[in-house]
Amino acid sequence: MILADEELDRYARHIILKEIGGDGQRRLKAATALIIGAGGIGSPAIQYLAAAGIGRLVIVDDDRVEASNLQRQTIFSAASIGARKAEAAAEAALRLNPLIEAVPDVVRLDGDNAESMVADADVVIDGSDNFDTRLTVADTAHAARVPLVSAAVGQFDGQLATFRGWEAGKPCYRCFVGGDPAQAGATCADDGVLGPVTGVMGSLAALEAIRAIVPFGEDTAGKLLLVDALSWRFRTLNLPKDPGCRTCGQQ
């Protein structure tokens with residue numbers, strides 16, 4: 001994978017980092033990131049992954065842009081209202097960086113299509129808004145041994161973790177949340193959310209996706225980042241591997 005002169009100029013601030021360098025930037029160019037949900041988390045993640053030069057972004061979302069989305073989903077504008085989110089987000093990603101490929105997939109991920117979606121990905125970012133989808137994404141990424149970056153927000157809070165549960169000592173998503181697909185979860189429409197919180201968590205999800213492709217710094221897999229914007233507190237917890245986990249407990 002060769003970087004053209006235009007790419008050397010565009011990504012110069014990455015290339016100068018000894019942790020990334022030219023080799024790392026070439027790895028980013030060769031990578032595919034699968035983003036589940038082009039909403040509050042997906043919106044900033046898509047923008048930063050596109051700007052970073054991830055070669056192929058696959059954006060999965062079957063919703064349309066609504067006026068209430070614009071308070072936090074900054075990849076869209078008023079002109080986007082009524083458009084398919086995946087398509088509008090892909091167009092915005094290409095406006096940011098025409099040197100990448102952005103592929104919209106206007107479907108809802110489920111047990112029938114998840115495996116084919118994850119198969120070609122180097123990393124998955126899950127910003128979906130329901131627990132059933134999150135479990136499907138997590139199980140599929142685990143089975144395919146693709147790193148999963150999972151982010152969630154609510155009101156003034158956010159959480160983020162990277163999962164590689166097939167590795168010794170590393171938990172999977174089910175170690176963290178259990179296995180009940182009927183688990184209830186409040187939505188932004190029910191409880192509200194402060195817009196910049198989604199920007200923070202989506203940007204951190206993009207950072208972790210880049211780290212999954214080009215490892216740098218401390219390995220964050222198996223650590224949970226909790227963000228509390230009300231008290232301006234960031235905490236990191238170590239997540240234990242559950243020996244009784246039906247997904248990874250025997251690994």
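In which sense do strand β1 and strand β4 pair, and over how many bridges? In this predicted model, strand β1, which covers residues 32-36, and strand β4, which covers residues 123-126, pair in the parallel sense over 4 bridges. One of the residues involved is Ile 36, whose bridge partner in β4 is Asp 126. In general, the strands of a sheet pair through backbone hydrogen bonds, and they do so either parallel or antiparallel.

A helix to follow next is α10, made of residues 195-213. Its 19 residues reach 28 Å from the first C-alpha to the last, which is close to the 27 Å expected at 1.5 Å a residue. Which residues of α10 are buried? They are Gly 195, Val 197, Thr 198, Met 201, Gly 202, Ala 205, Ala 206, Glu 208, Ala 209, Ile 210, Arg 211 and Ile 213. What covers them includes strands of the sheet, among them β4, β5 (148-154), β6 (157-163) and β7 (223-228). The helices α3 (21-30) and α4 (42-52) are also included in that cover.

Thr 133 lies in helix α7, residues 131-144. Thr 133 counts as buried because its relative accessibility is 8%, and the cut-off for buried is under 20%. Apart from its neighbours within four places in sequence, Thr 133 is in contact with Ile 36, Arg 108, Leu 109 and Ser 128.

Most residues other than glycine have a negative phi. Gln 155, in the loop between β5 and β6, has a positive phi of about 55° although it is not a glycine. Trp 232, in the loop between β7 and β8, is likewise not a glycine and has a positive phi of about 55°. Are these residues buried, partly exposed or exposed? Gln 155 counts as partly exposed because its relative accessibility is 39%. Trp 232 is exposed, with a relative accessible area of 70%.

The last stop is the aromatic rings. A pair of aromatic rings is described by the distance of the centres and the angle of the planes. A search of the whole structure finds 4 aromatic pairs. In one of them, the rings of Phe 163 and Phe 176 have centres 6.3 Å apart and planes at 25°, so the pair is stacked. Phe 163 lies in strand β6 and Phe 176 in helix α8 (residues 173-177), so this pair ties together parts that are 13 residues apart in sequence. Phe 163 is buried at 3% relative accessibility, while Phe 176 is partly exposed at 27%. Phe 176 also forms an aromatic pair with Tyr 173, and this one is edge-to-face, with 6.3 Å from centre to centre and 75° between the planes. Tyr 173 and Phe 176 both lie in helix α8, 3 residues apart, which is about one turn of the helix. Tyr 173 is buried, with a relative accessible area of 7%.

How values were computed. Residues are numbered from 1 along each chain as its sequence is written. This is a predicted model: local features need pLDDT of at least 70, side-chain atom pairs count only at pLDDT 80 or more; totals for chains, interfaces and linings use all residues. Side-chain values use heavy atoms; hydrogens and water are left out. Two strands pair if DSSP finds at least two bridges between them. Helices (H or I, at least four residues) and strands (E, at least two) are DSSP runs, numbered from the N terminus. The expected span of a helix is 1.5 Å times one less than its number of residues. Buried means under 20% relative accessible area, exposed over 50%, partly exposed in between (1.4 Å probe, protein chains only). Contact means heavy atoms within 4.5 Å. Rings of Phe, Tyr and Trp (its six-membered ring) pair if their centres lie within 6.5 Å; planes under 30 degrees apart count as stacked, over 60 as edge-to-face and the rest as tilted.
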